[in-house]
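Here is my note on the model you sent. Please read it with the structure open.

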Amino acid sequence: MRPTTRRLLASLALTPLLAGCFAPSRSEDGGAGDGTAGAGGRLRVALAVPPVKALSPYSNDATVLSKLAVAEGLTALDDKGAPEPALATSWKRDSATAWTFELRKATFQDGTPVTAQAVVTALAHANRATPKPRVLSAVDLTARAVDTDTVTLTTKSADPVLPLRLASPALAVLSAKAYAADGTASPVGTGTGPFRITRLTGKTKATLDRYDGYWGGEAKSAGIDVTWIADGTARANALRAKDVDIAEWIPTAQANLLHEGTRYEVPSVRTDSLVLNSGSGLFTDSALRAAARGAVHGSALVDSVFGGYADPAQGLFGPAVPWAADQRLPVTGRTEAATPTQVKAETAGRTLRLATYTNRAELPEAATVLQQQLEKAGFTVKQDIREYTQMEADLLAGKYDALVFSRVTLLDTGDAVAYLASDFTGNGVYNIAGLKDSAVDRAIQAAAEESDPTKRQQKILRAEAEILRTDAIVPLVHEKAVQGIAAGVEGVTLDPRERALITRDTHRA
C-alpha cells in the first residue's frame with residue numbers, strides 16, 4: 001500500500017478489510033490480463049455510472065474527472081480532508097469575504113498556460129451554469145485576475161471554508177477552449193491532470209492518454225481505457241475474467257466471490273436514505289411523511305441486502321464522519337405519524353411512486369424491502385427502477401413521491417455544509433426532497449457562517465436535527481464500499497469520499 005493511501009484511510013478513523021491495499025503477486029482470480037496491460041502500460045477501468053452530460057464538470061459527471069486524474073481545481077483535499085495546493089500554490093484570507101490565490105506554473109492539456117485569467121473564466125462559467133454546481137448553492141463567488149499568476153476571489157457573504165469549496169471536482173479549471181457559447185464545458189483535452197481525455201464514446205467508453213506536460217511529473221501508466229458498466233454483477237465479472245484491472249463499486253453480493261487479494265472494503269461517507277418529496281404529491285402531508293418514517297427500518301437491510309457491508313443509519317452522517325457520533329442531537333418537534341387506517345383513508349385512490357436506480361446493485365433490492373414495509377403502513381406502492389442517468393431530470397422535477405437514494409455526504413467539498421445546502425435548502429440545486437423549511441434554511445446558514453471548526457460541526461448537527469424533524473429524508477444505512485483491484489496493480493486510492501481513484505502513480509507493477 002502506498003503511504004498516502006494508507007494515511008487517507010487512517011485519517012478518517014477507518015479500517016480496511018485487508019492488512020494491505022495491494023496484493024504482492026498475481027492471483028488466479030482477478031489477476032492481470034493479456035494484451036496492452038503490461039507493466040507501465042495502459043490500465044483498464046470499469047466505472048459504474050455512465051456520463052450524464054458528456055463528463056461536464058457541472059453535472060454528477062464531475063467526480064469522474066477527479067477519479068481519473070483528468071482535471072484539477074485551485075485546491076485539493078489532503079488525507080485528512082483539509083485543503084492542500086493544486087493549481088494554486090498558496091492562498092491567504094484578506095478579509096471576511098476576500099481571498100488571494102497564487103498560481104503555480106502549469107499548462108493545460110492543449111498546451112496553453114494556466115493563468116489567473118483562465119481561472120476567472122472557469123469560475124465565471126461555473127457561476128453561470130444551469131443548473132448551478134451543488135458546491136455553489138450557498139455562495140455567490142466572483143473572481144478577478146490581479147496579474148498573470150494571482151487571482152482574488154470574493155464572496156457576497158463570509159465563506160470561511162472557501163479553500164475547501166474550491167477543491168470540488170465541479171470547480172475544475174479547464175482551458176478556454178473547453179467553454180462553449182451555449183454554457184457547456186468539455187474536459188476532452190482541456191484539463192491539467194496527468195491523464196488527458198482523447199476520446200469519449202457516448203456513455204460507454206473513454207480513452208485517456210498520459211499527459212507528458214503535467215506539472216506534477218509524468219504518470220507511471222501510458223493511459224487509461226475506461227468502460228462504463230452500469231450492472232454491478234457485470235463489473236465484478238469483468239474483473240474476474242481479467243477484462244479490467246480496476247472495477248469500482250462491487251455489489252456486496254459479489255464481493256465474497258472475488259479472490260481475497262482483489263477486493264478492498266472502504267468504509268464510506270455514503271449514506272443510503274429514503275427521500276420523501278415534501279414539495280408535491282402524497283408527502284406534502286407531514287403526517288404521511290411521519291408514517292413512512294415510522295414504517296421503514298434500515299436495520300433490516302444491513303444483512304439481507306448489503307451482506308453486512310453496511311451499518312444501520314444513525315443520522316445523515318455515519319461512522320466515517322467520526323465527529324458526528326459524539327455530538328449528534330436528539331430530533332424533536334416531529335409531526336405525529338398517521339396510523340395505517342388514516343394512511344389508507346388519506347391516500348385512497350393514490351399510489352406512492354417509489355423510485356430508485358440500478359447503478360448501485362443493492363438499491364432495487366432495498367426498494368422491494370421498503371415497499372413491503374410501506375404497504376404494511378397503509379400505502380399503495382408502485383416502483384420505478386431505471387438507470388440513474390435516465391431519471392435524474394425527473395427526480396429534480398419532483399415527479400416521484402419517494403426515492404431510495406445513495407449519497408456521498410462529503411463529496412462536494414469535504415465540508416458537510418455544502419451537502420446540506422444543495423440538498424435541503426429552499427433554493428438548493430439538488431433538493432430532490434423539495435424541502436422548503438425556514439428553520440432548516442436558518443440552521444444551515446448558521447453553519448455556513450461559522451469559521452471555528454468545532455462550532456461549525458456542532459451547527460452542522462443542529463441543522464441535521466432540523467432536517468430530520470421534517471421527515472423529508474429517512475436515513476437507512478451507512479455503506480461500506482467494495483472496490484475491485486487486480487493483483488499487481490499499485491497506487492489506487494481507496495477514498496472514503498469517493499472522489500479519488502487513479503493518480504499519476506497508479507500502474508501495473
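**Charges, fold and salt bridges**

1. The chain carries 56 positive and 57 negative charges, and their mean positions lie 2 Å apart. Lys and Arg count as positive, Asp and Glu as negative; His and the chain ends are not counted. Each charge is placed at NZ of Lys, CZ of Arg, CG of Asp or CD of Glu.

2. A word on the basis. This is a predicted model: local features need pLDDT of at least 70, side-chain atom pairs count only at pLDDT 80 or more, and totals for chains, interfaces and linings use all residues. Residues are numbered from 1 along each chain as its sequence is written, and side-chain values use heavy atoms, without hydrogens and water.

3. The C-alpha trace spans about 65 × 60 × 45 Å along its principal axes. Buried residues make up 59% of the 509 residues. Buried means under 20% relative accessible area, exposed over 50%, and partly exposed in between (1.4 Å probe, protein chains only).

4. The whole structure holds 26 salt bridges. The term means a side-chain nitrogen of Lys or Arg within 4 Å of a carboxyl oxygen of Asp or Glu. One of them joins Asp-159 and Arg-165 at 2.8 Å, N to O. Asp-159 and Arg-165 are both buried.

5. Lys-459 and Glu-450 meet in a salt bridge at 2.9 Å, N to O. Glu-450 is buried, at 13% relative accessible area. Lys-459 is partly exposed, at 24%.

6. Salt bridges with shared partners link Asp-384, Arg-386, Asp-394 and Lys-399 into one network. Within it, the closest N and O atoms of Lys-399 and Asp-394 are 3.5 Å apart. Lys-399 is partly exposed, at 47%.
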